[in-house]
Amino acid sequence: MNPTISRRSFLKITGLTIGVSVTPFGYTLLNAAEKKDFNPNVWLHITSDNKVTIYIGNSEMGQGVLTAQSMIIADELEADWKKQVQIRQGGAKDAFKSPILGAQITVGSASMRGFYEPLRKAGAAGRAMLVKAAAETWKVPESECKAVLGTVKHEKSNRSLTYGQLCEKASKLELPQNPPLKKEEEFRYMGKPMPRVDVPEKVRAKAIFGLDVNVKGMLHAVIARPPAYGAKPVSFDQAAAEKVKGVVKVMQIPMGIAVCATSTDAALKGKDALKVQWDKGVLPDMDNAYIEKLMMADLDKQGAKVVEVGDAKKAVSEAAKKVEATYYVPCVAHATMEPMNATAYVQKDRCDVWAPNQNQTLGQGMAAGITKLPPEKIHVHTTFLGCGLGRRAFTNFVPEAVMISKALEKPVKVMWTREDDIKHDRFRAPMTHRIQGGLDAQGQLIGWYHKTSAISIMRPVNPNAIKDGVDYYCLWGLADAPESPMWNARIQYEIPNLYIEFLMADLPIPCWPWRAVQNGPNAFVIESFIDELAHAAAKDPLEFRLQSLKNNKRATRVLQTVAEKAGWGKPIPMGQARGIAQHACFGTWTAQVVDLSVDKNTGMIKVHRVVAAVDCGPVVNPGPLVEQIEGGITMALSTALKEEVKFAKGGVATSNFDDYPIIRMSEVPEIEVHMVKSTDKIGGIGELGIPALAPAVANAVFNATGARIRRIPLTPEIVLAAIKEKKA
Amino acid sequence: MISLNVNGKNYAVDVSDDVPLLWVLRDHLKLMGTKYGCGIGECGSCTVHINGKAERSCAMSVKEAKGKKITTIEGLSENHPVKKAWIQEQVVQCGYCQPGVMMQVAALLSEKPAPTADQIISKMDDVICRCGTYLRMKKGIQTAVQMTRKEGK
């Protein structure tokens, strides 16, 4: 697949070309022929060679978005997937701005949430126009014509015309804004497993990732970056670096000291030769203990009010039974397998940026800011992404490549080393939580008083996103802003008295959305605490959950499904224990049951099986959907058992995969994913394997050992200490 | 000048002895299928075959590879059972680590055409996949084993 659209392919618009105009109030489908000054905001293009070319603006990072979005268009268009359809990665265009997120950005499990309806309409509009064109050609009623796999047929007269033959005529017709959509039973592709279009080229190693971009005359650059937050270079040996064979230029930029060379190895050698001395940075005392202590102390301060329903304080203080607990979730790193990188070529009247990029809008804006070129002169080419996980939506890898290219007037590829990628990651925000919960005499949950402290995700990059001291990015899963595009990323339980309070931890660690954002940490806390309450109420954890979800059809359904499939309440093998958790976010409901055993001598956890139930509404491509849940569960298990970023001397001590362990094959359990048949509104999938896993593990560990561990990762040391404490 | 034999072709490259083989393959020979993941031999994204054995090209100097038969993912036949199985089982997600993973599997299967579960784990625990495709890798390995068996008949 051509990773970028060549500009030439747009010079001549022939055939039927359907585009879109995105406005602050939504989108309007366009027939390219209707608009003279048509800016190529194209979604699909039917040409006289009978090909259907589909342009996708979302980034492909293994979630299968190229395939799934194309399936939607091809299905409604009634195109022949094998013979007609070709798929292209689109550039940075207004047409690809998410109708729900307002930017061209692949985050928030929103590619299907945002584009399901518009893409269906675009495909169906094309089909309606082709049918009309055929009916007019034959002078027969439209109702007698039918589109079948790339041709329009008139059965009565046994005539047919291909889309290629009809596209010119169809392009002269008016585009219907609300064409009739197919009924579910008419779907040809949607709902059926289709092989992902990116798989063959990835297996053949022909897929171009960011680091594989080669531009003629390109230089390779690496950057010596500060070891502590806010540290500035005191001295460095520029001459020694420039003496290294292949090094072309050493230059200081705000991010550090860049070494540009004719090859990566020369750039790396040049960087070593710099021998940079740095000052101590802004907070040289900061280490893990410092962070945890500060954020625990935050919980004794008064925070900003987020949610107030009833009188939680009163309800808890007057409750028949009261439970209080404090939790801690540390920083974890994205650690995408392909480290951050970008290639830029700044010329007088244009700038090209090639990058594995989840946020074309931001990347384009950043490049425009540096080059002073208007955004339309910034050509953003999105390569395949060697994992995204949210990290690549903060495009700080773009400006440095643009700055260096601008200075050297040459194409430049900047590669982050693995150490750069981990030490200069923007981590999943660490959090502390304290909750007081109250039960009435019947064991019903009646009050919940919740205080949490987190490093703000948005404050450093967009202070306007903080309203009245609240950063909702830190709160998803617990609370969300009204009218949020994140769809139901709030506590699901029906609690008559609820108070949630937020504190922003004052630490210089940059944080950013990490797959599922804070739904991960918040679900760990909520679902662990619900389990604590269930035990205090002497109720089965499943029953206890269901009794506070009486009006929540979808949460109830996934819990009941997972319980049935996992055999909840039935005997399990000797030495094993079981835990359950549920969570909803991004418009999808999930529940998981984990079976595990704990070696009480070593503290080692062995997870045997994870069963998941998912309700995301309509399913477009079931195969990749299950893969996303499997992969999410595997990644979440890695963070539940192993991952924690270590800090020292005001910077990041963790550096590479030798001191940042990531789950490997031997540790992965059996995973069963059950999709709940649902006709509700379509929800997200990419991040939905994450939230329920860690609490289900912790709840199972409690059932195995009697020890309630209120932090992750559940390393053998932590588990062993908790078992010992329990005995004592 | 260092002469190298890669995928059956001889190359002469002007680099110093200590340069990791990875960068010679990628920057000098433009064989981009071999990926950089960690630079310390931990993740396996850069795995190639040296005289038929899986090795980490990021942790091996070009000097050590001199005079040996180097095979990269580009040199693994398009009809190799691992490649076919990886497509059939849709193993890859982002796909970045997979060339290295497939080279690791290909070396395992050439040594042990019918590996036991333990033999698979002990070799495959050397690789990291952040997308978490490990279960699909296991399936892919089983399928590749069956394909090899059928072809052998």
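This briefing walks through a predicted two-chain model, from overall build to single residues. Local features here need pLDDT of at least 70 and side-chain atom pairs count only at pLDDT 80 or more, while totals for chains, interfaces and linings use all residues. Residues are numbered from 1 along each chain as its sequence is written, and chains are lettered from A, with ligands numbered from 1, in the order in which they are written.

**Chain A as a whole**

- Chain A has 17 helices and 28 strands; these are DSSP runs numbered from the N terminus, with helices being H or I of at least four residues and strands being E of at least two.
- Its radius of gyration is 27 Å, close to the 27 Å that the globule rule gives for 728 residues, so chain A is as compact as a globular protein of that length. That radius is taken over C-alpha atoms, and the globule rule is 2.2 Å times the number of residues to the power 0.38.
- Along the principal axes, the C-alpha atoms of chain A fill a box of roughly 85 × 70 × 45 Å.
- Of the 728 residues in chain A, 58% count as buried. A residue is buried if 20 or more other C-beta atoms lie within 10 Å of its own, exposed if 12 or fewer, and partly exposed in between, with C-beta atoms placed from the backbone.
- Take the contacts in chain A between residues at least 6 apart in sequence: 77% of them join residues at least 24 apart. Two residues are in contact if their C-beta atoms, placed from the backbone, lie within 7 Å.

**The domains of chain A**

- Chain A is divided into domain 1 (7-192), domain 2 (210-280 + 340-415) and domain 3 (288-332 + 427-727); domain bounds like these come from an automatic or database domain assignment.
- The C-alpha centres of domain 1 and domain 3 of chain A are separated by 40 Å. Their contact takes 17 residues from domain 1 of chain A and 18 residues from domain 3 of chain A.
- On the domain 1 side of that contact, α1 (65-77) and α2 (111-138) of chain A each supply at least two residues, and α1(A) gives the most, with four residues.
- By class, that side of domain 1 of chain A has ten nonpolar, six polar and one charged residues. Ala, Val, Leu, Ile, Met, Phe, Trp, Tyr, Cys and Pro count as nonpolar, Asp, Glu, Lys and Arg as charged, and the others, Gly among them, as polar.

- Strand β9 (residues 219-224) of chain A has six of its six residues buried, so it is largely enclosed by the rest of the structure.
- In a regular strand the side chains alternate between the two faces of the sheet. Here A:L219, A:A221 and A:I223 point one way from β9(A), while A:H220, A:V222 and A:A224 point the other way.
- β9(A) pairs in the parallel sense with β19 (residues 412-415) of chain A over three bridges, and A:L219 has A:V412 as its bridge partner there. Strands pair if DSSP finds at least two bridges between them.
- β9(A) also runs antiparallel to β12 (residues 256-261) of chain A, joined by five bridges, with A:I223 opposite A:A258.
- Helix α16 (residues 693-705) of chain A has 13 of its 13 residues buried, so this helix too is largely enclosed by the rest of the structure.
- At 1.5 Å a residue, the 13 residues of α16(A) should span 18 Å, and its end C-alpha atoms are 18 Å apart, which agrees. The expected span is 1.5 Å times one less than the number of residues.

- The contact between them takes 15 residues from domain 1 of chain B and 13 residues from domain 2 of chain B.
- Between the chains, 42 residues of chain B are in contact with 44 residues of chain A. The chain B side divides into 23 nonpolar, eleven polar and eight charged residues.
- B:L109 sits in helix α4 of chain B and is buried, with 22 other C-beta atoms within 10 Å.
- Leaving aside neighbours within four places in sequence, B:L109 is in contact with B:V82, B:A144, B:V145 and B:T148.
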